[in-house]
Structures are given as C-alpha cells and as structure tokens.
Amino acid sequence: MVLTGAGISKDSGIPTFRGKDGWYKNTPPEKLATNEAFYSNPDLVWEWYNMRRKIILNASPNAAHYKIAEMEKKFPCFLLVTQNVDSLHKKAGSRKIVELHGNIFRTKCTECQRVFNEDYRIFKEDELPPRCSYCGGILRPDVVWYGESLNPEDLDKALSFAYRADLIIVIGTSGIVYPAAMLPHIVKSNGGIVVEINPENTPITEIADLKIKEGAKNALSQLKF
Ligand code: OAD
C-alpha cells in the first residue's frame with residue numbers, strides 16, 4: 001500500500017500546502033478550503049482553484065509517480081491512496097488508486113449535485129462563480145474541504161486495505177490530516193511495516209520501521225523491485 005501527499009508532486013513543480021512556499025503561506029486553509037469560505041466568497045475561492053488548476057495543468061508526473069504506477073503491475077495486491085487532487089498519479093498510469101480528497105478537475109453543482117468530470121476550464125473573472133449548465137446552480141470544485149466527510153466508499157476502500165496490508169510506504173505527507181493519517185497507524189497496529197519517504201520528520205516518523213530522509217523523486221528512482 002502507498003499513501004501519498006503533496007510532497008510527491010513538489011518535484012513536478014506543484015507547491016505543498018504547509019511548506020515555506022506552500023499554498024497556505026499567506027492564507028490559512030479556513031479562508032480557502034471550507035464550505036463557509038466558499039459560501040461567503042465563492043469568487044475568491046474559485047480564483048485560488050483557478051490558479052492551482054493553471055499550475056497543475058502545466059505540470060507532468062515525475063519519476064516517483066511513474067515508479068508507483070509500476071508497483072501496481074508488479075504486485076497483484078496493491079492500492080495507492082493519495083491525498084492529492086492533481087491527477088498526476090493517473091497521468092503516470094496508476095489505476096488502483098483512491099483519490100481520498102477528490103480531484104481538482106472535477107466540479108459539482110451545489111444545487112442539483114451533478115458532477116462534471118475532466119473539467120479543465122480556467123474561468124475568467126466575469127465567469128465567476130461558474131454555474132451549472134443544467135440548473136444554473138453555483139459550481140464548486142469536487143474536492144474535500146475541512147469539516148466535510150470523505151466519500152464513504154473511498155474511505156472504506158482505503159481503511160479495509162490498510163487492515164490487510166503488510167507494508168505501507170508513506171510519501172510526501174505531513175501526516176497531520178485525518179483520516180488519511182490514520183492509515184499507517186492501522187497498518188502498524190496490525191503487524192505491517194511502515195516506510196516513510198520525506199526529507200522532514202513528521203508524526204509518522206515515530207512509527208516508521210524505515211525512514212528515508214530524501215525527496216520522493218530521488219528516493220523512488222533508486223527503488224528496485
Ligand atoms: P503538506 O503540505 O501538509 O505536507 C507536505 C509534506 O511533503 C511535508 O511533510 C514535506 O516535508 C514533504 N515534502 C516536501 N518536499 C518533498 C519531496 N520532494 N519529496 C517528498 N516529500 C516532500 O501536504 P499534505 O500532507 O499532502 O487537504 O497535506 C494533507 C492535506 O492537507 C491535503 O490533501 C490538503 C491539505 O489541506 C485538503 O485539501 C482536504
């Protein structure tokens with residue numbers, strides 16, 4: 001099992017959330033990534049997502065994403081759980097994947113709840129907030145915000161896999177956002193091995209059987225299986 005966070009996409013040029021140049025550097029998450037923030041100023045939140053969409057659309061998967069895509073071909077019992085919304089794992093070829101926090105290129109109508117897949121639009125100022133083509137309701141990015149529940153099927157898939165996993169490789173996450181951060185603890189408490197790849201220490205480091213204190217691209221390019 002592999003769990004990834006924003007650090008794996010840093011080598012592709014996408015900022016992390018909490019790093020010194022991270023997305024939350026100037027604006028805290030509660031101003032950008034909550035239902036309340038969205039309803040009080042949907043244009044501002046959409047501007048943030050537009051900016052992120054632009055950066056992500058210009059980015060490509062790196063060697064770490066490709067190495068994980070290779071793993072699922074090699075190991076019949078494998079699951080990748082990502083907190084990332086950037087689609088780079090899918091672009092690299094991963095199919096056994098749970099996108100626990102949604103996808104930035106999916107939009108959802110706040111009225112009729114219709115979901116629009118592969119929505120790569122960058123909205124102009126006068127198009128904000130974008131509207132549903134069916135009912136005229138305001139569209140939101142189909143990502144999970146603070147205070148919202150994860151998709152129950154996705155969460156169930158990730159949790160039940162963690163209970164059976166004999167190994168989890170945790171890559172590029174600060175390990176502080178739950179329930180994703182629970183997964184290595186579940187693997188560990190069921191006798192599995194925890195490997196962490198991250199240039200910094202995190203709360204996961206304390207339970208890691210092996211800590212590789214390097215960037216994801218560098219560490220995973222050297223991995224042989
Ligand atoms: P964070 O920004 O919290 O953490 C990124 C982690 O990546 C840090 O621990 C860095 O040390 C590490 N890192 C930096 N460069 C790296 C590299 N080259 N290789 C490997 N690791 C590197 O991002 P997440 O843990 O993904 O949620 O954040 C979790 C969630 O918080 C996100 O999914 C998002 C955010 O709010 C939602 O939007 C719901």
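**View 1. Helix 6 and helix 7 cross in a right-handed sense.** A crossing counts as right-handed if the near helix is turned clockwise from the far one by less than a right angle, and as left-handed if anticlockwise. The model is predicted: local features need pLDDT of at least 70, side-chain atom pairs count only at pLDDT 80 or more, and totals for chains, interfaces and linings use all residues. Residues are numbered from 1 along each chain as its sequence is written, and side-chain values use heavy atoms, with hydrogens and water left out. Helix 6 spans residues 152-164 and helix 7 spans residues 182-189. Their axes come within 7 Å and cross at roughly 30°. Helix 6 is therefore roughly parallel to helix 7. Roughly parallel means an angle under 35 degrees. Axes are lines fitted to C-alpha atoms, for helices over the stretch in contact, and angles run from 0 to 180 degrees between N-to-C directions. Helices (H or I, at least four residues) and strands (E, at least two) are DSSP runs, numbered from the N terminus.

**View 2. Leu57, Tyr120 and Ile122 form a nonpolar surface patch.** Together they have about 240 Å² of accessible area. That area comes from the Shrake-Rupley method with a 1.4 Å probe; for residues, only the protein chains shown count as cover. Patch residues have over 30% relative accessible area and no salt bridge, and nonpolar side chains (Val, Leu, Ile, Met, Phe, Trp, Tyr) are joined within 5 Å. A salt bridge is a side-chain nitrogen of Lys or Arg within 4 Å of a carboxyl oxygen of Asp or Glu. Isoleucine 122 lies in the loop between strand 5 (115-116) and strand 6 (139-143). Isoleucine 122 is partly exposed, at 32% relative accessibility. Buried means under 20% relative accessible area, exposed over 50%, and partly exposed in between (1.4 Å probe, protein chains only).

**View 3. Aspartate 119 and glutamate 118 lie in the loop between strand 5 and strand 6.** Aspartate 119 is buried, at 6% relative accessible area. Its C-alpha atom is 9.6 Å from that of proline 141, 22 residues apart along the chain. Glutamate 118 is exposed, at 61%. Glutamate 118 has a positive phi of about 45°, although it is not a glycine.

View 4. Proline 129 sits in the loop between strand 5 and strand 6. Proline 179 is in the loop between strand 7 (167-171) and helix 7.

Conventions. Patch = residues over 30% accessible without salt bridge, like charges linked within 9 Å, V, L, I, M, F, W, Y side chains within 5 Å. Parallel < 35°, antiparallel > 145°, perpendicular 65-115°, else oblique.
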